[in-house]
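Hi,

Here is the structure I promised to pass on. Have a look at it first, and then read my notes below.

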Amino acid sequence: MPRLSRMKVWGVTVLLLLAGSVRSVPLMAQQPADTVDQAIDLGSQNQDLGEIDRFPLQITGFGVGNYAYDGRTGNNSFAASKVAVALFREITSRAYVFGQLTTALEEPEGGGDPVTEIEIDNLLFSVVPPGASNLSLNVGKLDLPVGFERDDEPLNFLVSPSFNFDLARPVKMVGVNGTWRPTPKIGVDAFVFNGWDTDIDPNHGKSGGARLEYAPRSGVILGLSGLYGAEGEADATNKRYLLNLDYAVQPSWDWVVAGEANLGGDRGVLPDGSDATWGGGMVTVLHRFTPRWGLAARAEVFRDGDGARTGATQTLESYSIAPLYSFGVGREGIFANVQRTTVRIPRLQFRGELRLNHASQPFFETTDGLDTWNIEYRLQLVTTF
């Protein structure tokens, strides 16, 4: 995205002022001196559009602060790295709209000064058809229901994202998603979207996919997803596919084991006409010693067999351990629980992380050039509001 401009700052400010004004409109309408209300018969309007103030606007969000130290280069910095503001409004008991603006500090590829970027992280309209409470339809920009990790820090256990999250699969979709739950144990998602993490489709094709979820018993969720579609610019389009298996097992309140496996490829892009493929998997374990203290660990491997995702034929591994301290209970709604678990998101959480990375060939920057391994130390503060 382009460098933040004054116009973008004014845009966010106006949006927040409008959000506040929505909450104040009903109070203004109750003033006895309001001649507009006296002149208009609101009875028929209430009957046509529903009760006023039955579905109030809800404003939530989160903030993230970081400290990162690279053990091989000595680079280190504090950063107020992200602020997100989310707006939720029920239209009826069967429909709602949800939007989220995220302001994040980003380091440009190839170096340079960090820039602050504003993104429409989510903007969706969701509806449940009358007489079909087990069916829902979402239209707009939203998280793809694939994998376990998410791009919003409150929804994860560790500070850093895995290689599988960054490289193996898409995170966001802009399009249409339908969810059907024929039984409490089975769920089906189907979706059509622009492409992998693409806001505006660069070609004439679309990507599509489906996810089958099975919950054999309480505390166990398994998901199998498949994606296929056109990727790349209009003059250099290829077909891309992905198979993803995700899982979350929570035998008790204090233990969670979750992760995913990926297998993907770009069709016919190699010089001999064959597919460029990649694959990998990760597992995350969370143990809570008390409601406030916990420890998370993650191990993963990602194989870029043809250099399609990293630019080099290599295998990446990472091993992370992260102590956690939580305070309070967060809001309801989208930031209530970590997805597919009963772990409540706190109002405030301090996280540390020690991460060891390894590559099968020199890949990580050091003071002496590229090397096959590096070590990272991170601290993070996440708050919800």
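A salt bridge here means a side-chain nitrogen of Lys or Arg within 4 Å of a carboxyl oxygen of Asp or Glu. The structure holds 19 of them.

Before I go on, a word on the source. This is a predicted model, where local features need pLDDT of at least 70 and side-chain atom pairs count only at pLDDT 80 or more, while totals for chains, interfaces and linings use all residues. Residues are numbered from 1 along each chain as its sequence is written, and side-chain values use heavy atoms, with hydrogens and water left out.

Now for some of the salt bridges. As a reminder, side chains of opposite charge can pair when their charged atoms come close. Lys172 pairs with Asp151, with 3.7 Å between the closest N and O atoms. This pair links distant parts of the chain, 21 residues apart: Lys172 is in strand β6 (residues 172–183), and Asp151 is in the loop between β5 (135–143) and α4 (163–168). Helices (H or I, at least four residues) and strands (E, at least two) are DSSP runs, numbered from the N terminus.

Is Lys172 buried or exposed? Lys172 counts as buried because its relative accessible area is 7%; the cut-offs are under 20% for buried, over 50% for exposed, and partly exposed in between (1.4 Å probe, protein chains only).

Strand β6 also holds Arg181, whose partner Glu213 sits in strand β8 (residues 207–217), 32 residues apart. Glu213 is buried at 13% relative accessibility, whereas Arg181 is partly exposed at 31%.

Then there's Arg340 with Asp246, at 3.4 Å between the closest N and O atoms. They are 94 residues apart, with Arg340 in the loop between β14 (314–327) and β15 (348–359) and Asp246 in strand β10 (residues 238–252). Both Arg340 and Asp246 are buried. Shared partners also join Asp121, Asp143, Arg150, Asp151 and Lys172 into one salt-bridge network.

Ser318 is buried, with a relative accessible area of 0%. Its side chain makes a polar contact with the side chain of Glu300 at 2.7 Å (a pair of N or O atoms within 3.5 Å; within protein, one must be able to donate a hydrogen and the other to accept it, and residues adjacent in sequence count only if both atoms are side-chain atoms).
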